[in-house]
Amino acid sequence: MPSFAIMLLRGHTLRSKVCSKLLGCLSLSALRQSLSLRPLSRKFHVSCQRCSTMPSWVIDRYGKNDVLRLTSNMTFPAIRLPNEVIIKVHAASLNPIDVNMRNGYGASALRVKRDPLRISEKGNEFPLILGRDVSGVVMECGPSVSYFKPGDEVWAAIPPWKQGTLSEFVLASGNEISRKPKCLTHTEAASLPYVGLTTWFAVSNAGGLDADSCLDKR
């Protein structure tokens, strides 16, 4: 299996190609249209293809590459909140944060985020699925999800305190996903969300870029 370093390098190259393709094939109006959200019915959408387990790449402890384990018995995600959706993963990617999380980066802070009252025992996050980026198809929607329905192609960056995307299915909130641009394949789309949001945060929050500071600066 390729090392994480090689996989990350390939991901960086793919992202560069995808960014060029995305800028070339989508005008601003087309991009807005592809990401537009149309109100749909508020019914509870459920797929008939219901499972109890699924294949996933997991870790049972923090460490190096040897802690990674492929299992076919990971518990299938369940919708517990009305704004949640289940996505069938068509493509996922690796980021430096995945390597760092495998090593235990942010474990204490993420544990507090997952369990603010500290009811569960330490290590309750295992088995932990890594991966933050995903491109796939909506399988199920909670009752308050009005802008997506089963069959919609979406992309997302899943927060690090949630189970990740290196799995057959992943659970996300409706406000964490958007429609995948039609000009991108699932593989191309999965290379962008997390690094794109990181870049946007850097230039807007850390760099102070806003409508006033960039006016007439193009």
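How many bridges pair strand 1 and strand 2, and in which sense do they run? Strand 1 (residues 53-59) pairs with strand 2 over six bridges, in the antiparallel sense. The model is predicted, with local features needing pLDDT of at least 70 and side-chain atom pairs pLDDT 80 or more, while totals for chains, interfaces and linings use all residues. Residues are numbered from 1 along each chain as its sequence is written, and side-chain values use heavy atoms, without hydrogens or water.

View 1. The strands, which are DSSP runs of E with at least two residues, numbered from the N terminus, lie in the order 2-1-4 with antiparallel pairing, where a pair requires at least two DSSP bridges. Strand 2 and strand 4 are at the edges with a single partner strand each, so one side of each has no neighbour in the sheet. Trp57 has Leu70, in strand 2, as its bridge partner.

View 2. In helix 3 (residues 96-103), a DSSP run of H or I with at least four residues, the buried residues (under 20% relative accessible area, 1.4 Å probe, protein chains only) include Ile97, Val99 and Met101, along with the charged Asp98 and Arg102. Gly104 follows helix 3 and has a positive phi, near 105°.

**View 3. The span of helix 6.** The 14 residues of helix 6 (residues 193-206) should span 20 Å at 1.5 Å a residue, and the end C-alpha atoms are 19 Å apart, which agrees; the expected span is 1.5 Å times one less than the number of residues. Just after helix 6, Gly208 takes a positive phi of about 75°.

Technical notes
Buried < 20%, exposed > 50% of the residue type's maximum accessible area, 1.4 Å probe, protein only.
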